[in-house]
Every structure is written in structure tokens, then in C-alpha cells.
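Here's a quick tour for anyone opening this structure for the very first time. Have a look at the picture, then read on.

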Amino acid sequence: RLESERLGRVTFLPLNQLHVPNIQYPESRDILPLLSTCLRYDRKLQRAMDHVFGKKLLANSVEVASTWSARCGMDAVTLDGDLCSRKGALSGGFVDRSKSRLKANHDLKEAERKLRGLEADETEMKQRNGQIDQLITTTMSEMQRLEAKKANLEHSLTRMDEDITAQNSRLESKQKHVEKIENETIPPVEREIESLLSQ
């Protein structure tokens with residue numbers, strides 16, 4: 001069935017034939033036994049679990065894993081899935097972070113933090129947009145007021161120009177009338193006065 005359905009490989013471990021030596025784990029806060037730290041199992045399978053995972057260590061970084069792997073002669077795995085073999089080989093592993101509750105919780109908090117930041121930015125932008133809209137409205141009102149004042153001034157200047165032109169025309173007419181009187185009326189009168197005085 002394994003071959004027909006391509007289910008992979010299975011290794012059978014006869015418990016009564018397994019001989020696992022007593023393992024001494026290093027005492028360090030940077031590294032822990034993988035078996036007792038991460039795995040839950042039936043105690044009936046202790047020999048098999050010791051055989052498979054007994055010489056596996058859990059480290060918090062690749063550097064720590066590499067150091068203790070070489071020092072203790074055990075394989076060390078990091079939290080990111082990197083494996084440091086006791087033979088010196090280093091290989092990258094894979095961690096399904098989508099199934100990690102801790103990672104999911106961390107991602108959720110990070111997403112919430114970013115969301116709060118974006119919401120704060122949005123609120124600030126709305127306030128700034130409101131202030132800009134108000135400034136634009138005030139500026140447009142002031143421009144309209146100035147345009148109306150300019151139109152009134154231009155109208156007033158036009159009327160003043162017309163009044164000045166009319167006044168100049170009337171003044172010119174009066175001057176011509178005065179000159180006519182001086183040239184046509186005053187000389188005959190003067191001559192008449194002189195004639196009367198000579199009699």
C-alpha cells in the first residue's frame with residue numbers, strides 16, 4: 001500500500017532490540033534537549049524516541065547550534081529549522097510558520113500595530129486635508145472679494161475719466177466763449193466809450 005499510494009517510507013523500530021546509551025546533555029541556557037522540550041509521546045515509546053531524537057539539541061541560533069553540536073557530538077536544530085550535524089554539516093530547514101501559533105500571534109500583533117499606525121496616519125491626513133480645504137475656501141472667498149473690489153475700482157476710474165473728459169470739454173467751451181466776448185464784444189464797447197469821451 002505504501003508503494004501503490006506513494007505514501008512515503010516507514011521505518012520500524014523493534015523496541016526490544018533497541019539499546020540506547022545514557023545521554024548526558026549540556027547544561028546551558030542557550031541549548032536544550034529537543035526530545036524533552038518539544039515532543040510529547042507515550043512513555044512506552046521511550047526507547048524509540050531516545051533512539052531517534054536522543055542526540056538532538058534545540059538551539060536559539062545557528063552559531064549556538066554549531067558550537068554545541070561540535071562540542072557534544074550531537075545534532076542541533078535551531079528555532080528557524082536550520083540543522084547543524086554533529087559531523088559538521090550545516091543545512092537549512094523549513095518551518096511551516098502558518099501553523100506556528102507563536103508566529104501567528106506575533107504576526108497578528110504586528111499587523112494590528114501596523115493597522116493602528118495606518119489608521120493614525122489616515123486620521124492625520126484627513127485633518128490636514130480638512131485644513132487645506134478650509135484654506136482653499138478662504139483663499140477663494142478672498143480672491144472673489146478682491147476681484148469684486150477691483151471691478152468696482154475699475155468702474156469708478158472709468159466714470160472719473162468720463163467726468164474729467166466732460167469737465168475738460170465744458171472748460172474748453174467756456175474758454176472759447178470768453179475769448180469770443182473779449183474779441184467781439186469788448187472792442188466795440190471800448191471804441192464807443194472813447195467816442196463819447198471825445199465829444
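Let's start at a surface spot: Lys44 is exposed, with a relative accessible area of 68% (exposed means over 50%, buried under 20%, and partly exposed in between, with a 1.4 Å probe and protein chains only). Lys44 sits in the loop between α1 (34-38) and α2 (46-53). Its C-alpha atom is 9.1 Å from that of Leu15, although the two residues are 29 apart along the chain.

Keep in mind that this is a predicted model, in which local features need pLDDT of at least 70 and side-chain atom pairs count only at pLDDT 80 or more, while totals for chains, interfaces and linings use all residues. Residues are numbered from 1 along each chain as its sequence is written, and side-chain values use heavy atoms, with hydrogens and water left out.

**The overall picture**

- The protein chain has 4 helices and 5 strands (helices are DSSP runs of H or I with at least four residues, strands are runs of E with at least two, and both are numbered from the N terminus).
- Starting at the N terminus, the order of elements is β-α-α-β-α-β-β-β-α.
- Out of 199 residues in the protein chain, 13% are buried.
- The accessible surface comes to about 17,200 Å², and carbon and sulfur atoms hold 53% of that (areas come from the Shrake-Rupley method with a 1.4 Å probe, and for residues only the protein chains shown count as cover).
- Among contacts with a separation of 6 or more, 35% join residues 24 or more positions apart (a contact means heavy atoms within 4.5 Å).

**How confident is the prediction?**

- The mean pLDDT of the protein chain is 81, and 86% of its residues reach 70 or more (pLDDT is the predictor's confidence in each residue, from 0 to 100).
- Among the elements, β2 has the highest mean pLDDT, 87, while strand β5 (residues 90-91) has the lowest, 58.

**Helix α3 and what covers it**

- In helix α3 (residues 62-72), the buried residues are Val64, Ala65, Trp68 and Ser69.
- These residues sit on the same side of α3 because they cover an arc of only 125° around the axis (the arc is that of the directions from the helix axis to the C-beta atoms).
- The cover over the buried residues of α3 includes β1 (31-33), β2 (56-59), β3 (75-78) and β4 (83-84).
- On the face turned away from the buried side, α3 carries the exposed residues Glu63, Ala70 and Arg71.
- After α3 comes Gly73, with a positive phi near 70°.

- Thr78 belongs to strand β3 and is buried, at a relative accessible area of 5%.
- Leaving aside residues up to four places away in sequence, Thr78 touches Leu58, Ala59, Ser61, Val62 and Ala65.
- Cys84 lies in strand β4 and is buried too, with 3% relative accessibility.
- Cys84 and Ser66 are 18 residues apart in sequence, yet their C-alpha atoms are 5.6 Å apart.

**Along helix α4**

- The whole structure has 5 salt bridges (a salt bridge is a side-chain nitrogen of Lys or Arg within 4 Å of a carboxyl oxygen of Asp or Glu).
- One of them pairs Arg113 with Glu110, with the closest N and O atoms 2.4 Å apart. These two residues are about one helical turn apart, because 3 residues separate them in helix α4. Arg113 is partly exposed at 46%, and so is Glu110 at 27%.
- Glu142 and Arg145 form another salt bridge, at 2.5 Å between the closest N and O atoms. Both lie in helix α4, 3 residues apart, or about one turn.
- Glu172 and Lys176 meet in a salt bridge at 3.7 Å, N to O; they are 4 residues apart in α4, again about one turn. Glu172 is partly exposed at 43%, whereas Lys176 is exposed at 54%.
- Ile132, Ile136, Met140 and Met143 make a nonpolar surface patch of about 370 Å² (patches use residues with over 30% relative accessible area and no salt bridge, joining like charges within 9 Å and nonpolar side chains, namely Val, Leu, Ile, Met, Phe, Trp and Tyr, within 5 Å).
- Ile132 is in helix α4 (residues 101-198) and is partly exposed, with a relative accessible area of 45%.
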